[in-house]
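This report describes the inside of a single protein model for a reader who is new to structural analysis. Please keep the sequence and the three-dimensional view at hand while reading.

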Amino acid sequence: MSAIARALGDVRARIEVAARAAGRDPESVTLVAVSKFHDAAAIREAHAAGQRDFGESYAQELVAKAEALRDLPDLRWHFVGGLQSNKAKYVARIATLVHSVGSEHVARELAKRAALAGRAPLDVLVEVNVGGELQKHGVAPADLADVLRAIRTLSELRVVGLMTIPPDGTREEAAAVFATLASLRALHGGASGLPGLSMGMSGDLEEAIRAGATYVRIGTAIFGERRAGTLTDPTG
Ligand SMILES: *Cc1c(COP(=O)(O)O)cnc(C)c1O
């Protein structure tokens, strides 16, 4: 068994234990394997071990890897990185779910590009900056109602939930951020209006699942430590 297959098994076991401890069905948590800075060969190994959902943070890597892995048609791409409107066209062509819509402006561009690419309606999550000024991306909780209202008028996008990235800190601090995201969801449509909650990474997936995560975004625990990318940028 490859190291990646073994690590994937370990992560799946962690998800199962955490879900059962929270009285949840483990099937209600989608594991997104975040493959940024890892090459297509690593993704093939994970795919061979049954993994189908992969996350990328940079449009240029997403484009390069989607091209390199075209022969795996059942692979689903998630875009989890900070999204700028000039990269929206690449993401709209490839992503199954965009986790990181952080403004109405970016949403409008993504909507336009999804329509042009024949991929509307495209599923998106709204990234919420729960942790405050320590992080750059995402909608402030106080602005969430307005941003959701604006995005819900765009027929080319379907808002299916919320996402957050906690600031660097302890697991307890992350757990507090996850609980806040869950209560913001309750405030703005509940689980019926916003079924998806994308939260939890390698170091805190248990806390996220306890707070209701339906997508956990796991990189290091599957693929190992990341090296700085050496990929060329086909998106300019
Ligand atoms: C890199 C990244 C992850 C994965 O983090 P790990 O700690 O390596 O599991 C998850 N979410 C986002 C948005 C990321 O950029």
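The model is predicted, so local features need a pLDDT of at least 70 and side-chain atom pairs count only at pLDDT 80 or more, whereas totals for chains, interfaces and linings use all residues. Residues are numbered from 1 along each chain as its sequence is written, and side-chain values use heavy atoms, with hydrogens and water left out.

**Helix H2**

Helices (H or I, at least four residues) and strands (E, at least two) are DSSP runs, numbered from the N terminus. Helix H2 covers residues 40-48, and its buried residues are Ala40, Ala42, Ile43, Ala46 and His47; buried means under 20% relative accessible area, exposed over 50%, and partly exposed in between, with a 1.4 Å probe and protein chains only. These residues lie on the same side of H2, because they cover an arc of only 155° around the axis. The arc is that of the directions from the helix axis to the C-beta atoms. An α-helix has 3.6 residues a turn, so residues three or four places apart point the same way. The packing partners of the buried residues of H2 are helix H1 (3-21), strand E2 (53-56), helix H3 (59-68), strand E3 (76-79) and helix H10 (220-223). After H2 comes Gly50, with a positive phi near 100°.

**Nonpolar cores**

A nonpolar core is a set of buried Ala, Val, Leu, Ile, Met, Phe, Trp, Tyr and Cys residues joined through side-chain atoms within 4.5 Å. The largest one has 67 residues, and those touching the most other members are Val91, Val98, Leu110, Leu157, Leu162, Val216 and Ile222. Apart from residues up to four places away in sequence, Ile222 touches Ile4, Ala7, Leu8, Val11, Leu31 and Ala33. A second, separate core has six residues, including Val32, Leu97, Leu125 and Met163.

Ala208 belongs to helix H9 (residues 205-210) and is buried, with a relative accessible area of 0%. Contact means heavy atoms within 4.5 Å. Beyond its neighbours within four places in sequence, Ala208 is in contact with Phe178, Met199, Gly200 and Ala213. Its C-alpha atom is separated by 6.6 Å from that of Ala175, 33 residues apart along the chain.

Thr214 is found in the loop between H9 and strand E8 (215-218). Thr214 is also buried, at 15% relative accessible area. Among its contacts outside four places in sequence are Arg24, Ser28, Pro195 and Leu197.

**Aromatic pairs**

Rings of Phe, Tyr and Trp (its six-membered ring) pair if their centres lie within 6.5 Å; planes under 30 degrees apart count as stacked, over 60 as edge-to-face and the rest as tilted. The whole structure holds two such pairs.

| Pair | Centre distance | Plane angle | Class |
|---|---|---|---|
| Phe37 and Tyr58 | 5.7 Å | 25° | stacked |
| Phe54 and Trp77 | 6.3 Å | 50° | tilted |

Phe37 lies in the loop between strand E1 (30-34) and H2, and Tyr58 in the loop between E2 and H3, so their pair ties together parts that are 21 residues apart in sequence. Phe37 is partly exposed at 29% relative accessible area, and Tyr58 is partly exposed at 36%. Phe54 and Trp77, by contrast, are both buried.
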